[in-house]
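Here is a short tour of a two-part story, with the sequence and the model side by side. Take a look at them before reading on.

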Amino acid sequence: MADFMRNKTPLRHWLIAICVPLIITLGCWLLDHILPDASLVLFYLAGVLLTAFTTAIRPALLAAVLSFLAFNFFFTTPHYTLYILHREDLLTASILVLVALVTGHLAAGLREKVQALENSIRWTRQQMNLAQSLASCMSAEELLRCFAAHTSQYSAGGLYQIEPLSGAAAIAADRGLTVNHEADRVTLAVKDNAGEIHGVSIRFRRSQPTWARAQLEATLELLRLALSRVQLIENLQRETMHKEREQLRSALLSSISHDLRTPLATMIGSVSSLCDLRASLNEAQQDELLKNTLSEARRLDRYIQKLLDMTKIGQGELKLERDWVGIDEIVSVSIRRLNPLLDGQQIITELDDDLPLLFVHAALLEQALFNVLENAVRYTPAGKVIRIHATLQEQYLLLDISDSGPGIPEAQWPAIFDMFFTLARGDQKTGGTGLGLTICQGILAAHGGSASVVSSSAEQGTCIRLKIPANAPGYEGAQA
Amino acid sequence: MIRILIIDDEPQIRRFLTISLESQGYSIIEAETGKQGLQQLVLEQPDLVILDLGLPDIDGQQVLKELRAFSDVPVIVLSVRNSEKEKVEALDNGCNDYVEKPFGVKELLARIRAALRISSGREQPPAVWSDGNLEVDYLSRTVTLQGERLRFSPREYELLTEMMSHPGQILTYHYLLQKYWGASHLDDSHYLRIFIRQIRNKLGDDPARPRYIETEAGVGYRFIGEAQSGQ
């Protein structure tokens, strides 16, 4: 990266400066009989011009002196001496030197400009490459790695150094991104995610001109910009996460207060009616109020149970107690639990033959299936069908539950597994807690499977697929 | 027979309300959604509406606004939403009373009676209001407690009689401030608090166990004294 700063004339230039007058002298010697001496000078002039253009000013001067000497020696009278007889020859000599000086100077300037241009293009390309690869980095560590790889590619001399910082520099760096300028080096302090502070520094050579230092520092500036970008992104992510957590918490609170209070409202209302208005109620009405209270108490119990399940899953306290169990058993137990909730809906099960045994936590998987079925019952009108279909596909057992409900808009398919999704639709349209599918997905995920919406439309209803690994990880072959 | 329209999406709530209210001699019309409720209101012309705020189709507050555009039927709002903001909004939107779920049926019946009493206009302020303890004479503008005449400033007297003319009904801070202090003092609810405290002191009313003026925290005040008949 730094060789353009060397200002030494290469050997090649001196060779050219010697060879050109030599060759011209040879040519002129051959043409001496045809052309007058005055014309021969023009050849030398051309030679000096050429040399000046291709080399620098000092070789050009050498060529001019050599040309004059050769011309004087071979072609002016008296021949084969350096003795100058005519005044014109002095003129020739001074013109040759003048031409060498002027063109040499021009050529050198031009060459310097071209070289500077090439250097600047190369520099820009390097900066662009660096900027590009820095732009794709997502963390401070990545940035440092990327920067080190790039700079080692371009500067072999160890111009850039990355080393852990300590002491005052580290404390200063802790407060933000700082660039520390010293006489012979510039240091940028970088804090990575682990909290460790690295100093990225450039060492300058004493001979380096200011513009070269500025270029090197520009590289550091690129790194600094990339770092602030990464930090901004990280801050933004933290902020977003914080906001989402807050939203979830307030949704949770309002949902809990709502879902606990609604059944309580019925229970308190019914029981207070019984207490206060008993005299004016007939037996059937009293019965109904009691039944009403009981069913709401059960609903409250179900809700609290789900809430407890959810917190268990959410806190990762849930331990899977796996055992071999057939999917038919799980399906039949879930349906048995579902029977009291049925209101004229019909459940059809279609289980493929030769389904393998599953190595799962039976009670949990049953709960997952029950939650989906409970949902299906809620949205399926009386007299319509709920279909359960199990099939094996590659390493997974697919359990599809299709209802005859109103369907879900496709944009909301993933959202139905979110906590308290039902919140979005009025107070309590369906008696759902908005927890069932979240729990279901949590259970499936704990087993290495997943729950998703396969299809949903107003005509066909909704089909939810539970994907259960048929071979539990680490237990392949244990089945035999 | 007095007819009550219940707009609530919870079947269990509707069921127990229907049973209890019918046993008290009211006739019940049920609606499950806001739209249905508005329709029933137009078709059936009930004497009172019980409205749940959390409806599946339209928010209850919106139903209240639409309903008020064409009807001044008394409305009692029922809701699990218990924030003051929600209550004030409902009262501003024109509901007559607000009952928080869960509630006892006695409380609801009392509120229903109060709301019906106001709307029927039977409660023409008599010349003298008395419950045996407190006596307010509207003609001479005097307040007497246990036979002893109390000194009331004109504003204190107006505040008290304003609340007495809406028995059982919440009067919001907003309403009272607007009426007695003007629109520029809507945020100065401490004015009101000072006056109410003075009135309570004079009436010997304990704010923790009020006999006459009940505070609905963050919302307003309600006069809960019951006049003795025959006075």
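In helix α7 of chain B (residues 173-180), the buried residues are B:Tyr173, B:Leu176, B:Leu177 and B:Tyr180. They lie on the same side of α7(B), because they cover an arc of only 95° around the axis, taken from the directions from the helix axis to the C-beta atoms. An α-helix has 3.6 residues a turn, so residues three or four places apart point the same way. The buried residues of α7(B) pack against α6 (154-164), β10 (170-172), α8 (189-203), β11 (213-216) and β12 (220-223) of chain B, with contact meaning heavy atoms within 4.5 Å. After α7(B) comes B:Gly182, with a positive phi near 95°.

This is a predicted model, where local features need pLDDT of at least 70 and side-chain atom pairs pLDDT 80 or more, while totals for chains, interfaces and linings use all residues. Residues count from 1 along each chain as written, chains are lettered from A and ligands numbered from 1 in written order, and side-chain values use heavy atoms, without hydrogens and water.

Helices (H or I, at least four residues) and strands (E, at least two) are DSSP runs, numbered from the N terminus. Buried means under 20% relative accessible area, exposed over 50%, and partly exposed in between (1.4 Å probe, protein chains only).
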